[in-house]
Amino acid sequence: MSGETIGGEATTETVRITGHQDDEIPAYLAHPPGPGSSAGVVVIHHMPGYDEATKEITRTFAANGYTAIMPNLHWRDARGASPDDAAAAARAAGGVPDERLVGDVDGAARYLRSLGSAKVGVIGYCSGGRQAFLAACRLPLDAAVDCYGAFVMDLPPDGMPLKVGPVVGLAGDLSCPLLGLFGAEDGHPSPAETARLEQELARLGKTFEFHTFPGAGHGFFAVDRPSYRPQAAADGWQRIWEWFGRYLAA
């Protein structure tokens, strides 16, 4: 276990959690400043992996009062490798298997509850957006956020290495309110795909909100990438704070 203090207040550390099939995997944990327990957030990283950009997102949740944890979903694919190499290995294998993802998120949520988080939410970006939806359908959670998660409704196009399938068939089991944040210029998921998902969730009577931002494509939250759109990201973060504030912190 290793740790550091951010700004003299929020503390971060690398911990081991018990994930799918009782595997011990590393996870990045960020504690909010101040004493006492807090609501918890499981952060699901994007396909580029367990990288500094997603660690910064995890710290952002801690700075705003949440105990946040990001499990290393690619650890088994290339143990000891850099995030880029591990992500490449995971991509070559077809992506993280759904059952393994659910087990690892379950382990991360249980770890947060062991620290005193009475309520736990999940958020994911890119491939993690689909995985956040999947986890919210398979696990008892209190809130979920899907940031431009593709292939919830449709199969990946031919030639794409991901071996994942649609998970919309699980929507009836969605365990918690879902916030969806998407870009109007995204191809995966396209606005047409998210509109179909919205119709299905409405048909099922689920609690959800979807927002599609004009002028934004895939990855508009990613401050380290050309896809970053500051206005859409700022609006998206505000909606995340309102959503988790309503369903986790209240």
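Two strands pair if DSSP finds at least two bridges between them. The exercises below use this rule and others on a predicted model.

**Exercise 1. Strand β5 and its partners**

Task: Determine in which sense strand β4 and β5 pair, and over how many bridges. Then place β3 relative to β5.

Solution: 
1. Strand β4 covers residues 40-44, and β5 covers residues 67-71.
2. β4 and β5 are joined over 3 bridges, and the sense is parallel. The rule asks for at least two bridges, so the two strands count as paired.

**Exercise 2. Burial of β5**

Solution: 
1. Of the 5 residues in β5, 5 are buried, so the strand is largely enclosed by the rest of the structure.
2. T67, I69 and P71 point to one side of β5. A68 and M70 point the other way, and the residues on both sides are buried.
3. Take I69, which lies in this strand. Its relative accessible area is 0%. Buried means under 20%, so I69 is buried.
4. Leaving out residues up to four places away in sequence, I69 touches V15, I17, A27, Y28, L29, V41, V42, V43, T58, A108, Y111 and L112.
5. I69 and D84 are 15 residues apart in sequence, and their C-alpha atoms are 20 Å apart.

**Exercise 3. The nonpolar cores**

Task: Which residues touch the most other members of the largest nonpolar core?

Solution: 
1. In soluble globular proteins, nonpolar side chains tend to be buried together.
2. The largest nonpolar core has 41 residues, and V42, I69, F133 and L201 touch the most other members.
3. F133 touches V152, V167, V168, A171, L178, L197 and L201, with residues up to four places away in sequence not counted.
4. Another core lies apart from the largest one; its 29 residues include Y66, F221, W243 and L248.

**Exercise 4. Packing of α3 and α4**

Task: At what angle do helices α3 and α4 pack, and what kinds of residue make up their contact?

Solution: 
1. Two packed helices are described by the angle between their axes and the distance between the axes.
2. For α3 (residues 98-114) and α4 (residues 127-138), the angle is about 70° and the axes are 10 Å apart.
3. That makes α3 roughly perpendicular to α4.
4. From α3, D98, E99, L101, V102 and V105 take part in the contact; from α4, R130, Q131, L134, A135 and R138 do.
5. The residues of this contact divide into 5 nonpolar, 1 polar and 4 charged.

**Exercise 5. Backbone exceptions and a loop residue**

Solution: 
1. Most residues other than glycine have a negative phi, and most peptide bonds are trans.
2. D22 is not a glycine, yet its phi is positive, about 65°. D22 lies in the loop between β2 and β3, and is exposed at a relative accessible area of 64%.
3. C126 has a positive phi near 60°, and lies in the loop between β6 and α4.
4. The bond joining H188 and P189 is cis, with omega about 5°. P189 is in the loop between β8 and α5.
5. K119, in the loop between α3 and β6, counts as partly exposed at 30% relative accessibility.
6. K119 and A249 are 130 residues apart along the chain, and 7.9 Å separates their C-alpha atoms.

Notes. Residues are numbered from 1 along each chain as its sequence is written. This is a predicted model: local features need pLDDT of at least 70, side-chain atom pairs count only at pLDDT 80 or more; totals for chains, interfaces and linings use all residues. Side-chain values use heavy atoms; hydrogens and water are left out. Axes are lines fitted to C-alpha atoms, for helices over the stretch in contact, and angles run from 0 to 180 degrees between N-to-C directions. Helices (H or I, at least four residues) and strands (E, at least two) are DSSP runs, numbered from the N terminus. Angles under 35 degrees count as roughly parallel, over 145 as roughly antiparallel, 65 to 115 as roughly perpendicular and the rest as oblique. Contact means heavy atoms within 4.5 Å. Ala, Val, Leu, Ile, Met, Phe, Trp, Tyr, Cys and Pro count as nonpolar, Asp, Glu, Lys and Arg as charged, and the others, Gly among them, as polar. A nonpolar core is a set of buried Ala, Val, Leu, Ile, Met, Phe, Trp, Tyr and Cys residues joined through side-chain atoms within 4.5 Å. Buried means under 20% relative accessible area, exposed over 50%, partly exposed in between (1.4 Å probe, protein chains only).
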